[in-house]
Amino acid sequence: MGDKEKKENSISINKLLTQALFKQYPLMILGNLTQNTYSFLTYKDFTSTKCEVAGTFDDLIESGATTMHEMDRELFKNTFSRENLLQEYKKGTDKVEIRVIQEGDDGVLRRVEITDYFVTDEDSDDIMVVSLNRNM
C-alpha cells in the first residue's frame, strides 16, 4: 500500500470513528483552558442547545449552568469551572465527570453525563479538554 492509499485509509477510519463517537455523544466540545476558549465539535440531537457554538470557556460554564436543575447547578459550576479543571489537571487527573439533571429545550428534565478528558496537542503547551456529553 502506497503513502497515498495509507493516508486515504487513515482519513476514512477517522471519519468512521468520528461518526460512531457522535452517535454516542451528540454534544462534543473542545475547550482550551489556557486561552479560555471553546468550540463545539458537534451539536446535533442534544436536548439543550442554548450555548453559542464558540466563545469563552467561562461563559460556556455559566450558560450551561442555567440549564441545570437547581439542585445540580452549583455542582456543575464548581466541577467544570476553569479554575477547578486547571487544578485537577495539575494533580494529574485524566478526566472529570459528573451526572446531573438538565432541562432540555423542550422543558423536560433529563439525566445527562458530562465527561471532560484532558488532551494534549503536540503543537501547543495549552491545557485542553474534550467534553463528551450524552443523555442517560
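How many helices and strands does the protein chain have?

1. The protein chain has four helices and six strands, where helices (H or I, at least four residues) and strands (E, at least two) are DSSP runs numbered from the N terminus. Their order from the N terminus is α-β-β-β-α-α-α-β-β-β.

2. This is a predicted model, in which local features need pLDDT of at least 70 and side-chain atom pairs count only at pLDDT 80 or more, while totals for chains, interfaces and linings use all residues. Residues are numbered from 1 along each chain as its sequence is written, and side-chain values use heavy atoms, with hydrogens and water left out.

3. Of the 136 residues of the protein chain, 38% count as buried (under 20% relative accessible area, 1.4 Å probe, protein chains only).

4. The axes of helix 3 (residues 73-80) and helix 4 (residues 82-90) come within 5 Å and cross at roughly 50°; axes are lines fitted to C-alpha atoms over the stretch in contact, and angles run from 0 to 180 degrees between N-to-C directions. The contact (heavy atoms within 4.5 Å) involves N78, T79 and F80 of helix 3 together with R82, N84 and L85 of helix 4.

5. Which residues of helix 3 are buried? They are F76, T79 and F80. These residues lie on the same side of helix 3, because they cover an arc of only 75° around the axis, the arc being that of the directions from the helix axis to the C-beta atoms. Their cover includes helix 2 (57-65), helix 4, strand 4 (95-103) and strand 5 (109-119).

Conventions: Buried < 20%, exposed > 50% of the residue type's maximum accessible area, 1.4 Å probe, protein only.
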